[in-house]
Amino acid sequence: MSTHSISKGCFVFKPPSKKRRVRQETASNSTERKNDSEDTELRFASCQSLWAQIKLETEKIQENLNKQLLDNLVSFLRRSHSEFQEKTTEWSCQMKSREIPTAALVLGVNVTDHDMTFKSLSEVLQDDITPYVALLEAKDCPGIKNLMQKLMGQLMNCCIDIDEDSFEDDSHVQVSQNKIRCSMTSLINWYKSVMKKTDSETTRKKRNSSSRHWQSPPVVVIFKDMESFTTKVLQDFIVISSHHIHELPLALIFGIATSPMIIHSLLPHSVSSLLCIELFQSLSCKEHLSTIIDKLLLTAWCPFKLGEKVLKVLINIFLYHDFSVQNFIKGFQLCIVEHFYSQPLSVLCCELVDAKKRVNTLSHNQCENIRRLPSFRRYVESQVSENQIALLTSDSFLKEVTQKLLEDLQLYHENYVSVLRCLHVFTSSLPKYPLGKQIRELHCACLENQVWETEEYESSLQLARMLNKSDLVTMLQQCVEIFVSSSGKEFDKTVEKLKEFLTQFQELEAEAFEEDVSVSSEKELQKKTDLYHLQKTLLELKESRRSKKLTKFEMLRFEVVDYIDSLVRNYLVPADHKTLYEVVYFNTASVLRGHLNAAPRTALHTALNNPYCYLKNQALKSDGGSISNKAPDICIAYKLHLECGRLINLVDWLECPF
Amino acid sequence: MSQPEGKVSGALEVKFVPDEAVLSHIADDAGIKVRKDKAQLAVSVKRFAKKLENISDDEAQEILAEENYVAALGTCAQDPVGNGSGVSGGEVYSFQTPKCSSKMAELASELAQTPGQSVAADHFKCPEKTAKTPQSSKRSGSNKVQQRSKKKEFLSTTPYRLRKRLAAPDSCLESESEYSASCSEEDDEEDQKEVSTVLSGQKTPAKATAAATSPPRNALAKKIKEEKMSSLVEEYFEAHSSSKVLTSNRTLQKLQTRRLNQKTLHDLLKKAPLAYAAEMKKLSQQHESLFSKWMLQLHLGFNIILYGLGSKRDLLEKFRTSVLQDSAHLVVNGYFPSITVRSILNSITEEVLDHIGSFRSPLGQLEFIHKRFKEDASLELYVLIHNLDSQMLRGERSQQILAQLSSLPGVYLIASIDHINAPLMWDQAKLRLYNWLWYETTTFNPYVEETSYENSLLGQQSGSLALSSLTHVLRSLTLNARGIFRLLARYQLENKDNTSYPGLSFQDFYQQCREAFLVNSDLTLRAQLTEFRDHKLIRTKRGADGVEYLFIPVDDSTLTDFLEKEDEDV
């Protein structure tokens, strides 16, 4: 069937027979159909399970991060209408000021992430405080009328949902929303009727089911993006509802992306004085990202790893484009998909136990794939010749070696993380941060090349050699903690060594005290002196300074730094030096950037300016940016347009001999 | 400077002179020659000097800026990106780089001097031509500068410059175009060749004019050191502030060649062979190998967007026919002139979900779709949108709805964009909903289907259609009615030069009709006008004073044709 018509723009095609398959199946089929390399199904499955795991993990992290904020909000809302709960008669006089309790929630500029926060917020509120939560967005509310309509729609719907749980036959509440005039009075009437009903219900049921909510829960209205609401709408709403605050316990939550000052610049004093604002600050997105990186990338449990360039691309997109953690995670997902799609050996990218099993079932083709890996080749070359032959010819031997290598890789990762953290403890407190403030920068540096060969590392070691004692001691203690908590078994010795350093420092402290006393007594002796002697002593002093003997503390400090250095050299080898790293590392950054941070403008420009990039025809090959007259017409037209920019006389164009 | 070179042009050796070298040459020499040429100092001396400096300075800064940008982005320079997307920003986002302007001019003049395109291949066999290359490049350099300086008549473009050269021996050209008019229309290319051969014959006078303009310019470079950065900005706005854009006043209408009608044009274009077909095929094969990957990624919750030069319609069609045969899918031609989000949603609800009934608002409709997809997890729909950035779909609201639609778990969207600024349609929130994966699919295919709803400038405008329908409708009317219409048409033609002509007011019209004995009461006239309006022959609009003005929404040439025809008939 053709999709070209002069009277229609949409064409629907339905499969002739209604074959409805499960989505998963089609997805895996689609990978299987075209991809001729091995184990596609298994790869797809492991990809899916890995992603599910990571998704769960990120959600958990997000939840933990927001927990504090949500708890604060909940307690605020509880407090806000406690008077209302008590139903005291003086209640109205207490609330004389007619202030609406308002939570200003500063969320930061990463607007796309807010949805998650609001979702969890409204869930928590509905669980703990009140069933009446309305989420409003600026684009739905161009006027006060729309706002009320939306608000009432959401409130009444949610109330109906709850009613349906308890009474099935109760239909009189379900007044269609169109029939009610959307006004505050009708809202209040609704609230009263609902309250009466729940009252009767609770008395009947003796408060067993809805005991979590109070008797008259507040109505919470959340303005998701406060900045984009029109001022008039907000003002009207606030003024109107402040008049009815006695009858309707309303609480507002403003989602703010910029700064809390915006409330005062949006609302005049007369309106903002009707609000009783309390400020809540959510975690900044950068901290959020750090936590994600910390918990996701710098752990041993996740078998999939990001290469240095890929990580840099993702971080750059985050820092330079959107500050969105969600997008970062999306990028991470894409990395996983790409890796499992393009690397046939990614089938081994799973838990070590599974991976070992899978190694045993590898087909001959896959073994060949392993042999083709550059890192494996390097490994083979470093072996003795008998081993080389065995590795290249015998599949079973190869599998054995592969298992061992995978184990090594796993071990490397475990050690890597601990040592990296340890190094970070040192570098993050140095002045000017030669190796970066964040652990992700250090991670990138370590992945990129041998970190101990870089200038930055050199300078940070220099700086570390000048640390004072108290800093050094605290750092060492932190390192001990890191190593103790790490899962690697090799670190027992390291811990011991570090502890030894610590005790030495303590001893030093006692010694230093004594030394001080002796030096001062010595000086006391040379009190009388003439010019000649003074000169002599000064010269001596100078000489001695040149070949100055180090104090014990300095020696110890050197020792500590050298020890850390040796740890780094041992454990922070860049990943691409490890054999079989291709199995778990995804490193094609260009693909990722092309898909996430595309430059359509550049693509067009290149295509028009230099068609040879795409059309590999020798005739189009040109040097120095000029365009040959053989180029496609559109390229020549573009060149002309570039030159004059504005109007081109068509007649001249057609007559000029192109 | 080009003067002496021009004289000895025959003896000059062949060498390529890059643009920058020319510039620096001008700048250096100027210092020495200044004293001789002092008398010739023009008023615009300073301006020119500044300009020269600015140009070279600008380039250096541009490079610097590029480096900064690249460094900031970190990864840009590091990895080799396949399709040359490593092109730095400065190159893409510059206004009119001096580089390309002169190069194009150079090329143009080169071609102008080359008899026919085929000769360009044996470039070096033609000593006369190559000997002139350095000279022509210099001339173009000077032209460029003057073009931007005060002389407004140079404001136009290469074609204009070319034309200026063409225009010198005008008589020749006139005869040429007459010749092409008399010639059969099919061999356009031959005509062009002829023109260019004539041109190559004329290059001597052209050279002379160019040489004549150059001497004062040598002196202009004197004050090079008084360069100010701000002057470039001033220049820019000066050049762009003049509302009147000068192009040559030759128009297609004046062209003697009769314009082809739509159909013959189509046929002719169809016959023209597609250049580089083999390479383009290779490109599209490359893209087609991605189909399975697309499917996988669509199923994993991403949506796919295609960009790059060339029509992506065929690619998407191929995707549809090869992969989507067994599943429900919706194809949306975004370039269709009257496509709306409404119609897209309607076809989903009515044809995919088999729902009968209408919705009050698109949002409600979207909610319904959302609900249905939520209820039935096995429901899935592929949506293919050609040109998501088309005129009708690029609005904020429609994009919002499409974004929400695409974020439904069972809906897989794959779309193409072509506009260079298309990504500006989306803010962060929409991007999040769309969840795009970008794919560069440069195809170089002509946009045949996409532009099929537009009229070609080369063909006759839809005038023939309008004319035939005019006569057709008019023929079915009474004699008086035709008279009324003719009256209005004549009046409109009389006022065609008056740009503020609002139309003929009803009262005046009535008066005139009465005088011509065409109507006897204003009721009959009104009845008649209603009939015209129903056939869309006339349109009315209310002026500022509340008076009703009538006019015929047909362009003047068609109207003239119509009146001529009518007069013949009568």
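**View 1. Residues 279–440 of chain B in the predicted model**. Here's a stretch of chain B that is 46% helix and 17% strand. Follow residues 279–440 from one end to the other and you'll find the end C-alpha atoms 16 Å apart. UniProt, in an unreviewed entry, gives this span the feature "domain: Origin recognition complex subunit 2 RecA-like".

**View 2. Chain A from end to end**. Count the elements in chain A and you get 29 helices and 8 strands. Of its 658 residues, 49% are buried. Take the contacts between residues at least 6 apart in sequence: 76% of those join residues at least 24 apart.

**View 3. The largest nonpolar core**. Nonpolar side chains tend to be buried together in soluble globular proteins. This core has 131 residues, and the ones touching the most other members are F304(A), F376(A) and F319(B). Helix α18 of chain A, residues 395–427, puts in the largest share, 14 residues.

**View 4. Zooming in on F376(A)**. Which residues does F376(A) touch, once those up to four places away in sequence are left out? The list runs I370(A), R371(A), L391(A), L398(A), L405(A), T579(A) and L580(A).

Methods: Residues numbered from 1 in each chain as written. Chains lettered and ligands numbered in written order. Predicted model: local features only at pLDDT ≥ 70, side-chain atom pairs only at ≥ 80, totals over all residues. Heavy atoms only, no water. Helix = DSSP H or I, 4+ residues; strand = E, 2+ residues; numbered from the N terminus. Buried < 20%, exposed > 50% of the residue type's maximum accessible area, 1.4 Å probe, protein only. Contact = heavy atoms within 4.5 Å. UniProt positions renumbered as here; feature names shortened; annotations may be inferred. Core = buried A, V, L, I, M, F, W, Y, C linked by side-chain atoms within 4.5 Å.
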